[in-house]
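Hi,

Here is the structure I promised to pass on.

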Amino acid sequence: MTSSEHIPQAARQMTDDSYLLEVKNLRKHFPITAGILARLKGYTRAADDVSFYIRQGETLGLVGESGCGKTTVGRCVVRAYKPTAGEILYRRADGSVVDLAQIRGREVRTYRKDIRFIFQDPYAALNPRMTVFDLISEVLAVNHIGTRAERVDQVESLLKRVGMRPEYMRRYPHAFSGGERQRISIARALITNPRLVVCDEAVSALDVSVRVQILNLLEELQADFDLTYLFISHDLSVIRHICDRVNVMYVGKLVETAEATELYTQPKHPYAEALMSAVPVHDPVLRDSQHRIRLEGEIADPSNPPSGCYFHPRCRYAQPRCSTEEPALHDLGNGHFAACHFAEELNLQGVRMG
Amino acid sequence: MTTEAKNEAQDISEEGGVDLAAEIPVMGEAAERFAMAPQWQLMWWKFRRHRLALVSLVVIIILYTVAIFAGFFAPKSADPTELQTPSYTPPGYAHQTEYINAPPMPIHWIDNGTFAPYVYAFKKTRDPKTLVETFVATDTKIRLGFFVPGDRYTVGFSSVPVCPPEWSENAICKLIDPVLGFVKTLAFTADIHLFGPINPEDPFYPAGADDVGRDVFSRLIYASQVSLSVGLVGVFLSLLLGIFLGGLSGLVGGWVDNLIQRTIEVLRAIPDIPLWMALAIAMPPRLDPVYVYFGVTIILSLLRWTDLARVVRGKFLSLREDDFVTAAELDGVPRGRIIMRHMVPSFMSHIIAQMTLSIPGMILGESALSFLGVGLRPPVVSWGVMLNKAIDVVVVINKPWLLLPGLAIFVTILAFNFLGDGLRDAADPYHV
Amino acid sequence: MADTLIDVKDLRIHFFTDEGVVRAVGGVDLAITRGKTLALVGESGCGKSVACRALLNIVHRPGKIVSGEIIFHRMFHQSSGSGSDASVDIAELNPKGREIRDIRGKEIAMIFQEPMTSFSSMYTIGNQIMENILLHTNLSKQEARILTIELLDKVGIPKPSRLIDEYPFRLSGGMRQRAMIAMALSCSPTLLIADEPTTALDVTTQANILDLMQNLQKQYEMTLLFITHDLGVVAEIADEVAVMYLGKIIEKSDVFTLFNSPAHPYTQALLKSVPKIAMTREALDPIKGMVPNPYSRPSGCPFHPRCPKAFAACKTIVPKTTSLGLHHTVQCLLYEDVTERQATEALS
């Protein structure tokens, strides 16, 4: 791993000019402690050597099962967590590049306006003791942006934009349903005119009929406000619906990344294949006709992962090499990367289009 | 509002491109009030449903009102030898010596078909054989009335002493003396009582007399001043300690947290009563009673802050992980503002409930110390001091009315516990 | 009907809260066919969970079964064949009585969304499964233990003889759900009610659990009542589907008909609005609006404020159950003769 401490901020470069964000070798390890004296027992490798990029204006999906580290990656990007190691390169509006992993304190706060976060649970993310206006505008107030009257105007127009009545800003969150609260959360994220929004399971807690309303709203807002999304979800159907490109994570590692349609139709990593095969198909006619792949065993423990490829104990294509040698994420062409020794050889089954 | 709302909904949907028509629930006035209700409003609505707590709240308000205006509600003064200026002898105790250990006088409300309350005067007789003293009612009616003149009393802190002369150079004394002086100016004196004998010199013992002929009922009321305030002052002090140390523990963490938590565990392992006794005995015996009172309260709170500190710490720890706190952090809200604006308001109500539940412990502590004779001492009257007279079983059998302070303690504690329960249930109005 | 296991007739469950009465289940008719899998689909708050709890008569205060019948056609293995006279109305039974306790866990078993909350963390998995066996059978402790190990093996728990002595918190979510299924199966129930059993699980685990449940259903010849909000799961597992909206079953049919030619506008909209994996990136049609507040239910058809096909009569007339085919019923005025309804309504 390259030590980035010595590179002056101004000299940082991204691989491509179209990138808004580039994450390089991101690691986040949580210490495991025990006993009264908090002795260190080991580390949970929530994110381990994760590298990816997001182009300006696109939606990147981050998909994986619970405990795969996708939320940790999202929280590192918004700097809710300080990464253990690695770089998070962000292109400012003026074109210069800054490493978000290195900055601290007051400096982080200057990027809080640019990179926003939408939580999974709209019930938990809104302080029930504050009015909708206070919730949405607090970020402006603490950063001394605008007068109160201007903030009221801004909140008003944004509430309208997310499909809520402006008078609602005098209400408290308890008066709203899950879908409405998520609209408030979206307004809160967008009030600063951000450039990147990290949506962490933003629609997972919502009812089926409301979920699509919010997804459509997010897509409309992306076009209107020229937003870039990092969309984190465990739901492959939602990811399919909203994302341009998709990253698949397994036990803290990125195992595959590709353009969405390509990933869904021609997966190159056996885990991605199994994941997609497990999603129920919305057609009873197809239910017995398809060959379903079933994964045996449990997800590996990120504090004590298996040797070699983390997926090998559950992989049906595993070879002896897989248990000893860790596969690197390598280029398969066309922006398709997979971390499997046999990515080129295997002929994996994708989603059958209905 | 229906059509108007629909129209506006249409406007918005055209403007924003989001379909809203069905989204606008037509809200009634009640729903509108609910939507705009801040935390305290919601808590009150939830608390209101807790009948027992509501009754307890009323009981507690009555108790404290009586305590504040004790002189008005008590028919007599607490102690004829105490409190008053030397030139003034309270008329209410003209018959004091004749009524030593007298039992309660039953009150008759109706005389000859009209409302005219009275009691019969007692006469002391001695059984010729057993030589036991007994009181028998005579034919003399003592007329009672409302708003009658009687012993002079003061409302407010007129008797708060200035610092003892030997401490006059003390910095704290210099600071608080002017405050005490101001407090004293708020006090006023009067001699009208809610209920009592029309002739202020007549004897009146609705709850019997003690071993020096003082009215137990009046003393019970005066005693509530001390007993009820010990709880409040003590809890206030332990709240300060608890919030400060608990907050430090929860926010700083690390070895600070470890140190405070271990201290709490050690403190909790010490049995209360022996430690109180040791501390109480350590207090200089000739201190002014008021300072003894504060001394006892501080002793009580020094041992009782641990519960509150744990609650505060626990709340800080769990809130730190809460999404809305992370959300505030991601809004760039400074740390101090996150604590004061997001964290503290969300557990303040829990703290208040916890405080209410720890007041009974304070009251019981004071009573226990005074009962054992190591807390407050006469001439201060508290329920514990009064109960100290009932320490002997023989006394209890012969003069059961001396146990009345026990009943007062019981009612107060129960009321605080019920109130605390109700507050705890209402403390988090956002979860059902 | 001989092949009906449970016949629910006009079931109404109300919740009496301080804010008012919530009609959680407002007149449900539902026949569960023996040996089939019936999926009950609906959004949160539609009353599907409450309705299923009523089948075990576990509706807790402030909820109450206000009216209706739940006829359970019991079949005893010893009485050869027809057990037609052994039917019992579950709604009538004392919720704490002996009879219903005999049914619960033995003839009708239930598994929940979060298995952690249905297991006590104080006892081992084995203890809790064995307790259910000992309660409902005459087996000895030793036999019960052997049976428990067999069951754990059957639900795919590795090394069952060791895991039987583990505490629930030591197992992963998927394993706990398997253990929960083992417990439900311990007395070979005739009906297994599964309340969102896979919602808290990951997709890969969900797929395994669904497979397991289907296999076990065949093996045990069980009837399965599957409650879910996920139409994908429905397509995967169901024989018949009942769609619930605001306390009513608005459509019921076999799974193929429902997915191919849904009749009710709600079902149609629901199917159209769900993102599917086998689909290119295209805009989906959401159902407008939200599920109404439980205290202020719409008049007439409960779906009319959100319905794209609503017409004037929908606001006032409550649709009746209309039959569209052999096993296809719907509650929608589109399939009723509205003028006739209006006439009868006007008369009364």
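Before the interface, one cut-off: I call two residues in contact if their C-beta atoms, placed from the backbone, lie within 7 Å. On that basis, the contact between chains A and C draws on 37 residues of chain A and 34 residues of chain C. On the chain A side, the elements giving two or more residues are α7 (208-225), α8 (236-242) and α10 (270-278). The top contributor there is α7(A), with six residues. By type, that side of chain A splits into 17 nonpolar, eleven polar and nine charged residues.

Keep in mind that this is a predicted model. The predictor gives the complex an ipTM of 0.87 and a pTM of 0.83.

Now chain C by itself. Twelve helices and twelve strands make it up in secondary-structure terms. Its radius of gyration is 21 Å, close to the 20 Å from the globule rule for 348 residues, so chain C is as compact as a globular protein of that length. The C-alpha trace of chain C spans about 70 × 55 × 45 Å along its principal axes. Of its 348 residues, 49% count as buried. Among contacts in chain C with a separation of 6 or more, 61% are between residues 24 or more positions apart.

On confidence, chain C has a mean pLDDT of 86, with 94% of its residues at 70 or more. The stretch to watch is 77-84 of chain C, where pLDDT stays under 50 and the model has four contacts beyond four places in sequence. Where pLDDT is low, the predicted coordinates should not be read in detail.

Cheers

Key:
Residues numbered from 1 in each chain as written. Chains lettered and ligands numbered in written order. Predicted model: local features only at pLDDT ≥ 70, side-chain atom pairs only at ≥ 80, totals over all residues. Helix = DSSP H or I, 4+ residues; strand = E, 2+ residues; numbered from the N terminus. Nonpolar A, V, L, I, M, F, W, Y, C, P; charged D, E, K, R; others polar. Rg over C-alpha atoms; globule rule 2.2 N^0.38 Å. Buried ≥ 20, exposed ≤ 12 C-beta atoms within 10 Å, placed from the backbone. pLDDT = per-residue confidence, 0-100.
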